[in-house]
Amino acid sequence: MPQRLRKLIGAVLMLVLVVVWSLGAMALAQGRVTELHWALQTVCYVLLGTLWVIPAGALIWWMERPDRRA
């Protein structure tokens, strides 16, 4: 698959990832996290706010791979 096509697919998937992750984090934060102690709430919010970087980084790595030479 050419890099240009991977970048297009990756950009669309990145938008989907951000939307789905943010909606899921909001739902989780409104439901379960509000009942926790304030220190655990802080940990949950930090984790929910930063863990999306792992799948996004894998997606960016896949997008940026060079094309195979024939």
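## Order of elements

From the N terminus on, the protein chain runs α-α-α. It holds 3 helices and 0 strands. Both kinds of element are DSSP runs, numbered from the N terminus: helices are H or I with at least four residues, strands are E with at least two. Helix α1 covers residues 3-31. Helix α2 covers residues 38-50, and helix α3 covers residues 53-64.

## Model and confidence

This is a predicted model, in which local features need pLDDT of at least 70, side-chain atom pairs count only at pLDDT 80 or more, and totals for chains, interfaces and linings use all residues. Residues are numbered from 1 along each chain as its sequence is written, and side-chain values use heavy atoms, with hydrogens and water left out.

The pLDDT is the predictor's confidence in each residue, from 0 to 100. Its mean over the protein chain is 92, and 99% of the residues reach 70 or more. Among the elements, helix α3 has the highest mean pLDDT, at 95. Helix α2 has the lowest, at 93.

## Overall shape

The C-alpha trace spans about 60 × 15 × 10 Å along its principal axes. The radius of gyration of the protein chain is 17 Å, whereas a compact globule of 70 residues would have one near 11 Å. This radius is taken over C-alpha atoms, and the globule rule is 2.2 Å times the number of residues to the power 0.38.

## Surface and contacts

Buried residues make up 17% of the 70 in the protein chain. Buried means under 20% relative accessible area, exposed means over 50%, and partly exposed lies in between (1.4 Å probe, protein chains only). The protein chain exposes about 5700 Å², and carbon and sulfur atoms supply 72% of that area. Accessible areas come from the Shrake-Rupley method with a 1.4 Å probe; for residues, only the protein chains shown count as cover.

A contact means heavy atoms within 4.5 Å. Take the contacts between residues at least 6 apart in sequence: 72% of them join residues at least 24 apart.

## Residues of helix α1

R6 is found in helix α1. R6 counts as buried because its relative accessibility is 3%. Leaving out residues up to four places away in sequence, R6 touches M1, W62, M63, R65, P66 and D67.

K7 also lies in helix α1. K7 is partly exposed, with a relative accessible area of 35%. With the sequence neighbours up to four places away left out, K7 touches M63 and E64. K7 and A27 are 20 residues apart in sequence, and their C-alpha atoms are 30 Å apart in space.

M26 is another residue of helix α1. Its relative accessible area is 48%, so M26 is partly exposed. M26 and L48 are 22 residues apart along the chain, with 9.0 Å between their C-alpha atoms.

## Rings and charge

The structure holds 0 aromatic pairs. A pair needs rings of Phe, Tyr or Trp (its six-membered ring) with centres within 6.5 Å; planes under 30 degrees apart count as stacked, over 60 as edge-to-face and the rest as tilted.

The charged end of R65 sits over the ring of W61, 5.9 Å from the ring's centre. The rule asks for NZ of Lys or CZ of Arg within 6 Å of the ring centre and within 35 degrees of the ring normal.
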